[in-house]
2 protein chains.
Amino acid sequence: MTGVVDTVRGPSRSSVSVGALKRLLVGNPLRSQQLSETLLPKWLALPVFSSDPISSVAYATEEIVLVLGAGGIAVMGYAKWVAAVVALLLVIVVASYRQTCYAYPNGGGAFAVSLDNLGESAALTAASALLVDYVMTVAVSIVSGVVAVISAFPSLSSHAVGMSVGFVVVLVLANLRGVRESGRAFAVPTYLFIVLTFVMFAVALVRGAVGDLPQASTAGQELVRTERIGGVFTLLLTLKAFASGCTALTGVEAISNGVPAFRKPKSRNAALTLVAMGALATSMFIGITVLALHLHARAQPDGNPSVISQLASATFGPHNVFFYLYQAATAGILVLAANTAFNGFPLLSSILAQHRFLPRQLRHRGDKLVYSNGIVLLGAFAAALIVGFNANIDKLIQLYIIGVFTSFTLSQAGMVRHWNRELAQAPPSRRATIRASRVVNAVGAIATAAVLVIVLYTKVVHGAWLAILAMVTLFAMMKVINRHYAAVSTELELEDGETLTLPSNTHAVVLVSQLHKPTLRALAQARAARPTSLVALSVNLDEEGIRRLREDWERAGLDVPLVVLDSPYREIVRPVLEYLRAVRRAGPRDVVTVFIPEYVVGRWWEQLLHNQSALRLKARLLFEPGVLVTSVPYQLRSTGRAPKAPMSG
Amino acid sequence: MTGVVDTVRGPSRSSVSVGALKRLLVGNPLRSQQLSETLLPKWLALPVFSSDPISSVAYATEEIVLVLGAGGIAVMGYAKWVAAVVALLLVIVVASYRQTCYAYPNGGGAFAVSLDNLGESAALTAASALLVDYVMTVAVSIVSGVVAVISAFPSLSSHAVGMSVGFVVVLVLANLRGVRESGRAFAVPTYLFIVLTFVMFAVALVRGAVGDLPQASTAGQELVRTERIGGVFTLLLTLKAFASGCTALTGVEAISNGVPAFRKPKSRNAALTLVAMGALATSMFIGITVLALHLHARAQPDGNPSVISQLASATFGPHNVFFYLYQAATAGILVLAANTAFNGFPLLSSILAQHRFLPRQLRHRGDKLVYSNGIVLLGAFAAALIVGFNANIDKLIQLYIIGVFTSFTLSQAGMVRHWNRELAQAPPSRRATIRASRVVNAVGAIATAAVLVIVLYTKVVHGAWLAILAMVTLFAMMKVINRHYAAVSTELELEDGETLTLPSNTHAVVLVSQLHKPTLRALAQARAARPTSLVALSVNLDEEGIRRLREDWERAGLDVPLVVLDSPYREIVRPVLEYLRAVRRAGPRDVVTVFIPEYVVGRWWEQLLHNQSALRLKARLLFEPGVLVTSVPYQLRSTGRAPKAPMSG
């Protein structure tokens, strides 16, 4: 006999009346098919995926200047070399990820690439790093965006923490509503920031050529040396500056993760966009660093005014409309950068859940409730970091790039493995290309691994240990979850030829406290299931109540025996369990179905007044082998669903 | 046909293995019958029920002296008259409650007496007053006990709040463990306090007679007048002092509530104990006040050292061992007084729940879980008050006696009504006695009502409004709860001759996500219930999963059709509901039973990883008329309850 398989259409949206409030708050859901309608052209993909890496230039130069400034004017001279190495690294990483776009057209996230090539532990390491990173992206970008605002309006400087948390709250609310459709809106601040940065370079060039370019407002500040220099100390300081400058690379991987969102040919379009992004980020970073050094901009200990705002102020003039516009664009692109984490976090969670590393509830994107949990959680962690570090961008950055470079390294190392395997199967004609690709990724892996070592070495005592601790915790948690799901799956698997075995006998037990409509309905349902035996069961909690129940029972003339259990300790669960076990002992292959009459009330506070013991009993009975629990609901009028004609009983 | 009624013995304690941890924490439960074994002899009943009223003398004199002290030395002369009126009031109230012991041998709590004689609203007013009062008893007694400790060890004075909250926590833990059996332990500090108070009087008399009695340590302090006096102002200040001094009466009602706990003849023994308590409290209060005035003890603004400790210090000598012993006994009896509230609060809640004014979960004393909630709640409110009022006894007392005198007045007024009814039925021979009793209660009612008016007038702006607000809120809440229960009860009542009506058809729907052991078991159970129709139902959340399910289904050759619902918005609940409604539309008098396979895991964190959508679906289906929900549990090995031989499927 073969199974009968057919399909029923799902409900149409128009027939739906519930959830109107949810719709109002979080917007309309998207059909699964609609996803294909939202594919991005390159000009739109660039701002959507690049707000994070491009916005990094707003703080990367600042960090280099800040760290080296502590070494005094002599060490400041190394800034241009540090920046040059960062720029080179940016080129290497972009080249490296360009390959990923082609090799993983379904999205080459660090997790996917590592899982594919380096195994589970590497993949989970990458995933932990990325999850931590999303939190850091929100915190760092938001705080940096607030710095841009405060640089324009210094009187706000005492409100940095409050404003930052406020932005996080706005992002959380916006994402709970769903901001996916707003790709076009994303483009505005990103392009504005890019264009204005190059306008600033042009103005600076022209004013410099005519000798009209003023110094930065902080150029007069003496550099107070607070760090030891000379020999190895200078090297260490330079490495620290380099490690901080590497924040310019954060977010570079976003495009290679997002290949499926591009129009066809997806890989090619993604690669082109990535190269465009790399070119923009590199040139902007170099330009800003050169300008900062040229104008002698000094990084301020509290970050206000920011170095980039000093450049804009000097170039455009301190109260010029372009200066304010530039600060607005800077703040805008940084908030967008934070927003990317709100998209990335649930997506990665969903992938991890699919691979059974996170609770399965996170798997389905349609499950808005759980999505919301992820969004709120991300916002809460970011806000906690902002408050905990007092919105200090320099301290937050110490935690940031550990995760970034962990996932970079694993992703690139995974690509090297990928090419090794390709090489084994490829026809001779393709081998040279593959070997070249392998070199690119190998260089990427080695370079990012080297940076990771430098970052670990220079930052671990300055707060990075916290990020590492978070990563280790996540890693362990995902391992444990995965092992649990695997064990359950094995335990539940059908054996060969296993099929339906009906129980020898079924006993129906109806729990009764009073004889009223819900009880009668439960009795009717129990009888309708045609059990081998049927009893009504009550627990004696007070003599008066039981006496009344017995009288009612006699009067109603019901053809069902009423069993009353003594409960000297006034418990409900234990006597019922003992009774059920006695029934099961008499017939070990029998099954007992416990029918629980429940009346259902409409208002939340009404629910507090009822059914608490039924709930506890139901939860407990689930642990009892051979016992089934059937809820027989009786809807009261306050639910708005009471049947007009009684269904039964 | 008549119902078959029989009784099954409950489980014996020895067979029980679960709950060992609970036992360890909260002690062994008491059998209902054991209650009768704990009846109290008078010598034990006195300390158990009288710690609250007797301990009140530790702060009542203090409050009088404090309030009048603000009027300067001239007004202080009124103190003895104020104390005399308070003592007279104490005698009146004791005489009044003595009658209640005889009239209500089952316990004449203000709620019971009011409900019996004055109707629901009066009873609820009394109940609200008492509930608020229990919280105040804890807060005031504990803070006063801490004052006794600090008076002995002044260096602790900066820790008053911490120590008070600490005592509350200890009481909460002790009561969670159950301290009912410890009647004998209660006797020690109470008798010690009583005996030492009279020893102090004796020593003071002797030393005073030989001219060797020193003044109080604060006698040299000038009384700084901070209140207006003269004419009506003096009167107001005196009334205020009187209102504060009335705290001496708090807890007098405890014995009349506790008549059932006395040995036979219950009423007589209770009445005798009440008189003994009244005599002790009155004489101690008078003695302490006289001594305080004689030694010119001054109340301190922060309450340290307390007046009563100044008396002990002067009489026994500041570093005499009797002084320290007396402070310990004072602290001890005050903590016991606080403890009485932890017994009274759940008892009253239970009575209110029995009358359907509070959630029914509070009704059964055996329900330790809910009992615990009450204990924790009481402790939390008291701790909040202590922290909120910075452990200031004078400010806390402003909130205290509103509730006490509200319940006194209602209780005595109820007694007057009680005698009126008795009088109507009594034989002429008893009428004179009843009339006399009525006079006693009428005097009590009028006196306490007068005090209530004075208290309201003098204290409402000093914080009593908070107590009144709490009482009004409780009153409204209880009314609403009662109305709800009454409405539900009416709605559920059986109509005449209503009896079992079986549904026309029963349809079984088994929810399926994969084909594994739990699914097979659920299918077997569904079939065993012999439904009119049987289908397996799945929701298409991802194509890949559904494809695999269909393959498995075909391969297993199950004789059950598999229905797959489309869910374009990746929801589970909605498509299932629509399907069920369609089935019900086809047969409006049919019933659909939804079988949900659930696998049950052992550890709490494992439970987070499973069944969340099943839980949500089950909760939602309860609101669907004509739909039953059957949970078919499958216990995994981690529950320790997996069946050795598979039950079925």
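**Close-up views of a two-chain model**

View 1. With a relative accessibility of 52%, A:Glu495 counts as exposed (exposed means over 50% relative accessible area, buried under 20% and partly exposed in between, with a 1.4 Å probe and protein chains only). The model shown is predicted: local features need pLDDT of at least 70 and side-chain atom pairs count only at pLDDT 80 or more, whereas totals for chains, interfaces and linings use all residues. Residues are numbered from 1 along each chain as its sequence is written, chains are lettered from A and ligands numbered from 1 in the order in which they are written, and side-chain values use heavy atoms, with hydrogens and water left out. A:Glu495 forms a salt bridge with B:Lys517, the closest N and O atoms being 2.6 Å apart (a salt bridge is a side-chain nitrogen of Lys or Arg within 4 Å of a carboxyl oxygen of Asp or Glu). The pair crosses between chains, from helix α19 of chain B, which holds B:Lys517, to the loop between α18 (464–492) and β2 (506–511) of chain A, which holds A:Glu495. Helices (H or I, at least four residues) and strands (E, at least two) are DSSP runs, numbered from the N terminus. B:Lys517 has a relative accessibility of 9% and therefore counts as buried.

View 2. The whole structure contains 26 salt bridges over all chains. One of them joins the side chains of A:Arg548 and A:Glu544 at 3.4 Å, N to O. Both residues lie in helix α20 (residues 543–556) of chain A, four residues apart, about one turn of the helix. A:Arg548 is partly exposed at 45% relative accessible area, and A:Glu544 is partly exposed at 39%. Salt bridges with shared partners link A:Glu544, A:Arg547, A:Arg548 and A:Glu551 into one network.

**View 3. Strand β3 of chain B and its partners.** Seven of the eight residues of strand β3 (residues 533–540) of chain B are buried. Five bridges join β3(B) to strand β2 (residues 506–511) of chain B, and the two run parallel; two strands pair if DSSP finds at least two bridges between them. Here B:Val509 stands opposite B:Val535 in β3(B). Five bridges also join β3(B) to strand β4 (residues 562–566) of chain B, again running parallel, and B:Ala536 stands opposite B:Leu562 in β4(B). Helix α19 (residues 517–528) of chain B forms a right-handed β-α-β unit with β2(B) and β3(B). Helix α20 (residues 543–556) of chain B forms a right-handed β-α-β unit with β3(B) and β4(B). A crossover is right-handed if, with the strands pointing away from the viewer, the path from the first strand over the helix to the second runs clockwise.

**View 4. Aromatic rings in chain A.** Over all chains the count comes to 22 aromatic pairs (rings of Phe, Tyr and Trp, the last by its six-membered ring, pair if their centres lie within 6.5 Å; planes under 30 degrees apart count as stacked, over 60 as edge-to-face and the rest as tilted). The ring centres of A:Phe316 and A:Tyr326 lie 6.4 Å apart with planes at 65°, so this pair is edge-to-face. A:Phe316 belongs to helix α13 (residues 307–316) of chain A and A:Tyr326 to helix α14 (residues 321–354) of chain A, 10 residues apart. Both A:Phe316 and A:Tyr326 are buried. A:Phe193, A:Phe316, A:Phe322 and A:Tyr326 form one aromatic cluster.
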